[in-house]
Amino acid sequence: MTACAIEPSADPGNSGAPRAGCSITAAGAYAARLARSGPDGDAWYPERWTLHGPEPYAVPLPGNQPEEAGTEVQPMGDGRVLVHRVAAGRHVFALLYPTGPGTGELPLGAVECPADTTGLRLLPPAPDGERAYALAAGPRSTVLWQVAGGAFGPERVVEIPGRCSGGVWLDRTGRMLAVDRETGGRTKAVVVDLERGGEVSPLLQIAADSDDRLLLADPDSGLVLIGSDAPTPGRERLGWGVLGSTLPVRFPECLRMPDCVVTPFAIQPGQVLTPERCAVALRVDGAFGSWVGVWRPAERRVRHLPAPEGWLTGAGLWTPDGELRLPCSTPQSPCGVARLAAPDAGGGRMEGADDAGGAGTPGGSGGAADTTESAESAESAPDESGDPAATAPSKRASAPGRPCPVPLQQAPLARLVTK
């Protein structure tokens with residue numbers, strides 16, 4: 001197979017990760033995106049989706065003039081939409097809301113960044129739905145801004161030494177924020193405590209000379225997905241671990257897809273004390289387009305599914321009972337949600353796969369396909385990181401005498417045991 005022919009649009013502030021088609025609140029009630037308008041589809045306007053009712057529906061929120069293609073939008077917990085525009089070098093923020101046939105706009109203020117700042121971008125929606133944050137990265141330091149939910153417009157929270165990217169919330173209250181900080185030519189994930197004045201402390205270090213980024217986290221189980229080049233220097237691998245666990249990070253062979261870009265975008269919540277049973281949704285970008293992968297740490301395979309027609313690529317959420325919901329938009333159904341039920345951890349077919357529609361899976365197959373590790377080699381061989389203790393997750397989780405994983409809300413972040 002040749003290298004990927006598809007080069008998805010990337011988020012320049014997130015280490016090249018593909019940009020998602022829309023943003024969804026942490027509670028899953030609302031989503032927001034830029035939609036196209038005009039006779040040639042060359043104009044843009046914000047659109048809010050309501051997802052928590054019996055049927056999803058969209059509300060257009062056009063302003064007095066079309067938006068730029070690079071305008072960021074983010075849903076808030078009360079249904080308003082935060083918009084981030086750039087005008088004359090200033091980053092301007094406002095809240096949009098429907099007012100009958102029109103759009104109301106509440107200006108929040110602006111942030112002026114130094115000339116050497118590479119840009120300012122919104123972080124993922126905060127868990128409380130009331131606040132919003134942004135990172136402004138410079139060559140030697142990064143400023144964290146609270147751009148919504150404050151008393152007096154945008155507020156400077158903390159200046160972090162180093163160039164920061166990423167952004168993952170570690171709890172349900174919006175106190176602990178993980179970012180990937182580059183200093184001295186190496187990238188390591190650190191945690192920012194917003195209730196202690198932006199205090200910064202180390203979070204993840206697999207090896208002294210490795211680049212270790214935090215990609216996704218689930219506050220209920222403590223499951224985290226990371227990207228690191230520790231097992232294969234110079235080439236990032238996808239791995240997983242548990243905050244507060246005594247077990248090292250593992251790098252499953254089934255998550256290694258050299259000809260594709262694999263991006264985790266949702267973890268099944270509610271699996272307290274059983275992180276290995278959490279279903280993880282993966283966006284896979286390859287030569288055949290983009291499709292959906294579903295994986296659990298307890299399994300040694302990825303289930304590949306065709307992307308639903310009109311999927312807002314890279315966006316979606318899990319329900320606690322294991323239903324993956326993917327927002328979709330087609331000319332026939334401008335606002336829709338594809339619902340896929342994950343198999344249990346013991347196996348079984350992914351329900352709803354035949355109804356997903358859209359592009360085929362790798363190799364042109366239209367049905368579900370598995371990327372499976374050799375069971376024999378997985379049981380006996382050490383992980384490619386060279387640690388003979390890093391064996392199959394299911395074996396490790398059930399080993400006698402091992403302490404149980406600790407829920408994130410009870411686990412000191414300093415106890416993240418690494419290699």
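Here are some numbered notes on this predicted model, from the whole chain down to two single residues.

1. First, the ground rules. This is a predicted model in which local features need pLDDT of at least 70 and side-chain atom pairs count only at pLDDT 80 or more, while totals for chains, interfaces and linings use all residues. Residues are numbered from 1 along each chain as its sequence is written, and side-chain values use heavy atoms, with hydrogens and water left out.

2. Now the big picture: the protein chain has two helices and 27 strands. Both kinds are DSSP runs numbered from the N terminus (helices are H or I, at least four residues; strands are E, at least two). Of its 419 residues, 53% count as buried; buried means under 20% relative accessible area, exposed over 50%, and partly exposed in between, with a 1.4 Å probe and protein chains only.

3. Have a look at the open sheet of three strands, in the order S24-S25-S26, with antiparallel pairing. S24 (317–318) and S26 (336–341) are the edge strands, each pairing on one side only. S25 (residues 323–328) pairs with S26 over six bridges, and cysteine 328 sits opposite glycine 336 in S26. To count as a pair, two strands need at least two bridges found by DSSP.

4. Threonine 330 is in the loop between S25 and S26. Is it buried or exposed? Threonine 330 is buried, because its relative accessible area is 13%. A polar atom of its side chain lies 2.9 Å from the backbone nitrogen of serine 333. Leaving aside neighbours within four places in sequence, threonine 330 is in contact (heavy atoms within 4.5 Å) with Glu309 and Gly310.

5. There is a hairpin to find as well: S15 and S16, with five residues between them. Glycine 197 in the turn has a positive phi of about 70°. S15 (residues 186–193) and S16 (residues 199–204) run antiparallel and are joined by five bridges; valine 192 has valine 200 in S16 as its bridge partner.

6. Finally, arginine 131, in the loop between S9 (119–122) and S10 (132–137). Arginine 131 counts as partly exposed because its relative accessibility is 21%. Which residue's backbone oxygen does its side chain reach at 3.5 Å? That would be glycine 174. Arginine 131 and glycine 77 are 54 residues apart in sequence, with 8.9 Å between their C-alpha atoms. Leaving aside neighbours within four places in sequence, the contacts of arginine 131 include Met76, Gln146 and Thr173.

Note on methods: Polar contact = N/O pair within 3.5 Å; in protein donor to acceptor, adjacent residues only side chain to side chain.
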